[in-house]
Amino acid sequence: MKTAKPSFASLLLCACMFASGACGIILEYIQASLASMILGNAFEQWAMVIGLMMFWMGFGSLIQARIKKEYLIYAFIAIEIVLAISGGFSPTLTYLSYGVTAHYSLVLYFFVSLIGIMIGLEIPVIIRINNDYSTELSTNLGNILSADYIGSLVGSLIYVFVLLRYTPITEAAFLTAGINFLLA
């Protein structure tokens, strides 16, 4: 059985998924780091943030079904812009809320929820867009999901070995947001 050669559009979508996978995991780690720094108990906060993000990712993947096919590209652009803005400003606004209100944990978990929903939306939206450029569902899912998972590993390595060592968390968030803007 001969497999079809991936089109340029499909390769571009895989590259977008790779980059968004890297950005997504970095944004998750930024939120978990913020929770640990502000709320204490690092083990508990990392588990809560990652667990809540996974929950909201599931919610985002459910609501993507309401996006009509002709609006998928626009939805992807909007998702990346929302991720860039919310991910970029989340540390600064969380720190600001810490100094202004006793409800700073609500601000933190608002960003955890919003970012989780957006990440949950972007994966199935890219899969649906790539469906037009892929011959089989199994190839489409394999290509997009492997790009996301590999991107997540690269994002983890970048966060641990570059961003944590050389940038404050606020700058790391804005650098990651810049990649999301480029994707849009």
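Rings of Phe, Tyr and Trp (the six-membered ring for Trp) are taken to pair if their centres lie within 6.5 Å, with planes under 30 degrees apart counted as stacked, over 60 as edge-to-face and the rest as tilted. By this criterion, a search of the whole structure returns 7 aromatic pairs. The structure is a predicted model, in which local features require pLDDT of at least 70 and side-chain atom pairs count only at pLDDT 80 or more, whereas totals for chains, interfaces and linings use all residues. Residues are numbered from 1 along each chain as its sequence is written, and side-chain values use heavy atoms, with hydrogens and water left out.

Two of the aromatic pairs can be described in detail. The rings of F55 and W56 have centres 4.9 Å apart and planes at 75°, so this pair is edge-to-face. W56 is partly exposed, at 22% relative accessibility; here, buried means under 20% relative accessible area, exposed over 50%, and partly exposed in between (1.4 Å probe, protein chains only). F110 and F111 also make an edge-to-face pair, with ring centres 5.4 Å apart and planes at 70°. F110 is partly exposed at 47% relative accessibility, while F111 is buried at 6%.

Helix α1 has 32 residues and reaches 46 Å from its first C-alpha to its last, close to the 46 Å expected at 1.5 Å a residue; the expected span is 1.5 Å times one less than the number of residues. This helix is mostly covered, with 24 of its 32 residues buried. G40 follows α1 and has a positive phi, near 80°. N41, found in the loop between α1 (8-39) and α2 (42-63), also has a positive phi, near 50°, and is a residue other than glycine. Most residues other than glycine have a negative phi. N41 is partly exposed, with a relative accessible area of 45%.

Leaving aside neighbours within four places in sequence, I79 is in contact (heavy atoms within 4.5 Å) with M118, L121, E122 and V125.

V100 belongs to a nonpolar surface patch of about 730 Å², made together with I81, I85, F89, L93, L96, F174 and F181. Patches consist of residues with over 30% relative accessible area and no salt bridge, with like charges joined within 9 Å and nonpolar side chains (Val, Leu, Ile, Met, Phe, Trp, Tyr) within 5 Å. Accessible areas come from the Shrake-Rupley method with a 1.4 Å probe, and for residues only the protein chains shown count as cover. Helices α3 and α6 (169-183) each supply at least two residues of the patch, and the largest share, 6 residues, comes from α3.

Key: Helix = DSSP H or I, 4+ residues; strand = E, 2+ residues; numbered from the N terminus. Salt bridge = Lys/Arg side-chain N within 4 Å of Asp/Glu carboxyl O.
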